[in-house]
Amino acid sequence: MADRNSNQQRSRRPNSITSTFLRKLQSHAPNSNNVVGLLTFVISGSVLLLLTGLTVTAVVLGLIFFAPLIIFSSPIWVPLGTILFVVIAGFLSVCGSVVAVVVGLSWLYRYFKGLQPPGSDRVDYARDRIYNTANHVKDYAREYGGYLQSRVKDAAPGA
């Protein structure tokens, strides 16, 4: 009898360990959305890796085959490339300057028309600050201007 109970306990233990393990495994198992996402990631990554390899191979083979042509015609390509670079850079900088001027003039037009463009409050604040500082300096000069002139007369009585 005792033998039978111990056999049942032995057979239950692995079963309970196995079921706990299976429950833990099942709780950590990915759901179908995760599996589909992982497969999509792996497939798209593989395709992109393949395309990258083909591109690098084509570029290297192109350089190998066209290197003599590039070397022999470089006296033409280097000055032509330099001239094109300077012309394009100049054109883009002129276009950028024109755009900046047009935007600035547009902002000024809207500001003086009273349409309150973005940042006009800061300009008004700075203008008021400058005006108040100038008035303060003028008042200070009036107040202490006579004091300084009298000090100069004391230092040089004949002046």
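**Entry 1: Leu69**

Is Leu69 buried or exposed? I looked it up: Leu69 is exposed, at 54% relative accessible area. I noted the cut-offs: buried is under 20% relative accessible area, exposed is over 50%, and partly exposed lies in between, with a 1.4 Å probe and protein chains only. Leu69 sits in helix H2, residues 32-72.

I am working with a predicted model, where local features need pLDDT of at least 70, side-chain atom pairs count only at pLDDT 80 or more, and totals for chains, interfaces and linings use all residues. Residues are numbered from 1 along each chain as its sequence is written, and side-chain values use heavy atoms, with hydrogens and water left out.

**Entry 2: the patch**

A nonpolar patch on the surface includes Val56, Phe65, Leu69 and Ile70. Together the patch residues have about 990 Å² of accessible area. My note on patches: members have over 30% relative accessible area and no salt bridge; like charges are joined within 9 Å, and nonpolar side chains (Val, Leu, Ile, Met, Phe, Trp, Tyr) within 5 Å. Accessible areas come from the Shrake-Rupley method with a 1.4 Å probe, and for residues only the protein chains shown count as cover.

**Entry 3: the whole protein**

I stepped back to the overall fold. I found four helices and zero strands. Along the sequence the pattern reads α-α-α-α. Helices (H or I, at least four residues) and strands (E, at least two) are DSSP runs, numbered from the N terminus. Of the 159 residues, 3% count as buried. The protein exposes about 14,400 Å², and carbon and sulfur atoms supply 70% of that area.

**Entry 4: the record**

I turned to UniProt. Its unreviewed entry annotates residues 47-71 and 83-109 as "transmembrane region". UniProt positions are given in the numbering used here, feature names are shortened, and annotations may be inferred rather than shown by experiment. I then looked at each span in the model. Residues 47-71 are 100% helix and 0% strand, with end C-alpha atoms 35 Å apart. Residues 83-109 are also 100% helix and 0% strand, and there the end C-alpha atoms lie 39 Å apart.

**Entry 5: helix H3**

How far apart are the end C-alpha atoms of H3? They are 57 Å apart. At 1.5 Å a residue, the 40 residues of H3 should span 58 Å, which agrees. The expected span is 1.5 Å times one less than the number of residues.

**Entry 6: the rings**

I counted aromatic pairs and got two. The rings of Trp107 and Tyr111 are stacked, because their centres are 5.2 Å apart and their planes are at 10 degrees. Rings of Phe, Tyr and Trp (its six-membered ring) pair if their centres lie within 6.5 Å; planes under 30 degrees apart count as stacked, over 60 as edge-to-face and the rest as tilted. Trp107 and Tyr111 are four residues apart in H3, residues 74-113, or about one helical turn. Tyr111 is buried at 15%. The rings of Tyr111 and Phe112 have centres 5.4 Å apart and planes at 70 degrees, so this pair is edge-to-face. Trp107 is partly exposed at 21%, and Phe112 is exposed at 67%. Ring pairs link Trp107, Tyr111 and Phe112 into a cluster.

**Entry 7: after H3**

Gly114 follows H3, and its phi is positive, near 85 degrees. Gln116 is not glycine, yet its phi is positive too, near 55 degrees. Gln116 lies in the loop between H3 and H4 and is exposed at 54%.

**Entry 8: the salt bridge**

Which residue forms a salt bridge with Asp124? The partner is Arg127, with the closest N and O atoms 3.5 Å apart. The rule asks for a side-chain nitrogen of Lys or Arg within 4 Å of a carboxyl oxygen of Asp or Glu. By this rule I count one salt bridge. Both residues lie in helix H4, residues 120-155, three residues apart. Asp124 is partly exposed at 22%, and so is Arg127 at 46%.
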